[in-house]
Amino acid sequence: WKVRRGASKCLTSVVTTRPDLLGKLYSTVVPNVVGRFKEREENVKLDIFDVFIAVLKQTVVVSRGMSATAEDNPTNLLKNNVPAVVANLTKELGGKSVRIKTGVFNLLKELVAVQHGILANHLGSLVDGIKGALEAKSSSSNLKIEVLSFFRLAIEQNPATAFHEIVPKLCDPILTAVSLSYYKISAEALRVTRGLGTVIRPHGNDDFPFKEYAEKIYEAIFDKYKAQDIDQEVKDAAIACMGSLIAHMGDALPEDKLKNALSILYERTKNEITRLTSVNVLIEISTSPLNIDLKSILANVVSELADFLRQTNRQLKQASLKALDTITRSYGKDVSSKLYQKVLKEASNLIGESDLHMSYLALRLISAVVKADKKSVKIVQSDIYPRMLDLVQSSLLQGLALEALYGLYGNLVTIGQKKFGFDELLNGLLGLKLRASAQSTKQSQSSIAQCVAALVMNAPEDKRKDTVSKFISDV
């Protein structure tokens with residue numbers, strides 16, 4: 001066994017240091033390595049697994065930039081070996097050794113990450129091994145974490161339809177793992193449960209009978225979701241899991257349970273530790289095609305998100321801008337003008353050349369607010385318009401921020417507010433006294449020209465013709 005172990009380590013070194021030989025190794029070495037998964041000595045078997053893991057890692061590196069249909073693409077060579085790999089690993093999952101099972105799922109994690117859908121046709125044969133590892137009393141915590149981690153990656157890397165036959169068999173063991181006391185297992189089980197919701201009912205696909213699972217998942221995760229005296233990792237995973245459940249199956253939940261979950265979510269936004277996760281969950285829910293009823297928390301949430309725009313935490317400010325944008329686009333008519341006034345005043349402070357990405361998010365939000373509530377144009381005119389004129393003269397303005405700026409100009413023209421319509425906006429741009437430097441002037445003129453173009457494109461036809469004629473005569 002020492003010779004076999006030494007040979008395994010030698011092969012691992014060859015695979016790692018000679019990626020140029022990978023194609024040849026697939027025809028000569030890999031079939032033999034897969035055949036030796038049946039090795040009787042435990043330490044040697046784990047080393048053989050390491051050889052194959054090294055092959056998988058090199059496959060990912062070498063196949064980058066290669067055509068997917070190329071005959072010498074290592075990914076295609078790997079696909080030919082997948083049936084034998086899965087068949088041999090399935091046999092190993094029937095054994096008693098916890099170390100070997102842990103090694104198997106570690107290998108499967110590497111395999112499933114190589115290419116999207118690589119295990120789609122083989123997941124069914126792994127069900128018994130997954131279920132057994134989760135339910136067996138002899139299973140260690142590390143084994144359960146590896147199993148759950150593998151299944152979460154499998155959900156991410158394979159189409160939803162590949163799981164429809166195995167969800168009924170694996171749902172209960174996974175939901176049971178959520179309630180286990182060890183925080184790492186519970187957190188990983190919550191992440192898997194979150195993924196389960198996306199495969200049980202992907203957006204726009206109701207082929208699978210999802211209704212029977214919605215309440216079942218809700219009940220399994222609710223205790224972790226409402227608890228405050230638990231590990232932070234579990235808390236974040238529970239919030240994300242409940243948010244995903246609402247976004248994918250919220251219409252299948254009883255109204256009282258849905259309102260209860262949303263109420264707790266609002267409370268989590270007020271907690272400094274959980275607020276970022278909660279804001280990201282609000283983005284997911286508000287972008288859901290189910291149009292979940294958020295009226296019970298909408299006003300409070302919008303007010304809280306507007307307050308977050310004052311925070312120094314950059315991630316929180318970005319997430320809050322995105323959340324306000326998606327909420328405005330999905331639920332704009334249910335938000336009061338007074339709340340929009342608060343949102344616009346806070347968003348206006350984020351517009352400037354010092355942070356163009358933040359400016360882009362703020363301008364996108366302002367455009368959404370203007371579309372949803374025409375009364376808010378007055379706030380734009382008084383508080384935001386001067387900042388728009390400053391930004392358009394910046395030599396740094398480009399990309400998404402510039403697109404958002406001329407998009408806002410277009411929306412303002414479409415609305416046609418009195419004393420703040422096409423003529424006023426156009427004269428404001430054409431009357432700018434550009435900053436001194438030549439580079440600044442060149443960039444500013446380009447930005448102003450694009451904003452003028454956006455104004456003209458969205459103007460009434462008579463104004464458009466007159467303006468174009470005037471520009472032609474000026475030239």
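Which residues of α13 are buried? In this predicted model, the buried residues of α13 are Lys257, Leu258, Ala261, Leu262, Ile264, Leu265, Tyr266, Arg268 and Thr269. They pack against four helices: α11 (211-226), α12 (232-249), α14 (275-286) and α15 (298-308). Helix α13 itself covers residues 255-269. Its 15 residues should span 21 Å at 1.5 Å a residue, and the end C-alpha atoms are 21 Å apart, so the two values agree.

The largest nonpolar core holds 166 residues. Phe37, Phe52, Leu119, Phe151, Phe163, Tyr409 and Leu429 touch the most other members. Beyond its neighbours within four places in sequence, Phe151 contacts Ile130, Phe163, Ile166, Leu170, Ile174, Val192 and Leu196. In soluble globular proteins, nonpolar side chains tend to be buried together.

Two helix pairs were examined next. The axes of α20 (residues 399-415) and α21 (residues 422-430) come within 9 Å and cross at roughly 150 degrees. Angles over 145 degrees count as roughly antiparallel, and α20 and α21 are therefore roughly antiparallel to each other. Tyr409, Leu412 and Val413 of α20 meet Phe422, Leu425 and Leu429 of α21. This contact has 6 nonpolar residues, no polar and no charged.

Helix α1 (residues 2-17) and helix α4 (residues 42-63) have axes that come within 9 Å and cross at roughly 10 degrees. That angle makes α1 roughly parallel to α4. Residues of α1 in the contact include Arg4, Arg5, Leu11 and Val15, and those of α4 include Asp47, Ile48, Val51 and Gln58. By class, the contact of α1 with α4 has 7 nonpolar, 6 polar and 5 charged residues.

Terms used:
Residues are numbered from 1 along each chain as its sequence is written. This is a predicted model: local features need pLDDT of at least 70, side-chain atom pairs count only at pLDDT 80 or more; totals for chains, interfaces and linings use all residues. Side-chain values use heavy atoms; hydrogens and water are left out. The expected span of a helix is 1.5 Å times one less than its number of residues. Buried means under 20% relative accessible area, exposed over 50%, partly exposed in between (1.4 Å probe, protein chains only). Contact means heavy atoms within 4.5 Å. A nonpolar core is a set of buried Ala, Val, Leu, Ile, Met, Phe, Trp, Tyr and Cys residues joined through side-chain atoms within 4.5 Å. Axes are lines fitted to C-alpha atoms, for helices over the stretch in contact, and angles run from 0 to 180 degrees between N-to-C directions. Angles under 35 degrees count as roughly parallel, over 145 as roughly antiparallel, 65 to 115 as roughly perpendicular and the rest as oblique. Ala, Val, Leu, Ile, Met, Phe, Trp, Tyr, Cys and Pro count as nonpolar, Asp, Glu, Lys and Arg as charged, and the others, Gly among them, as polar.
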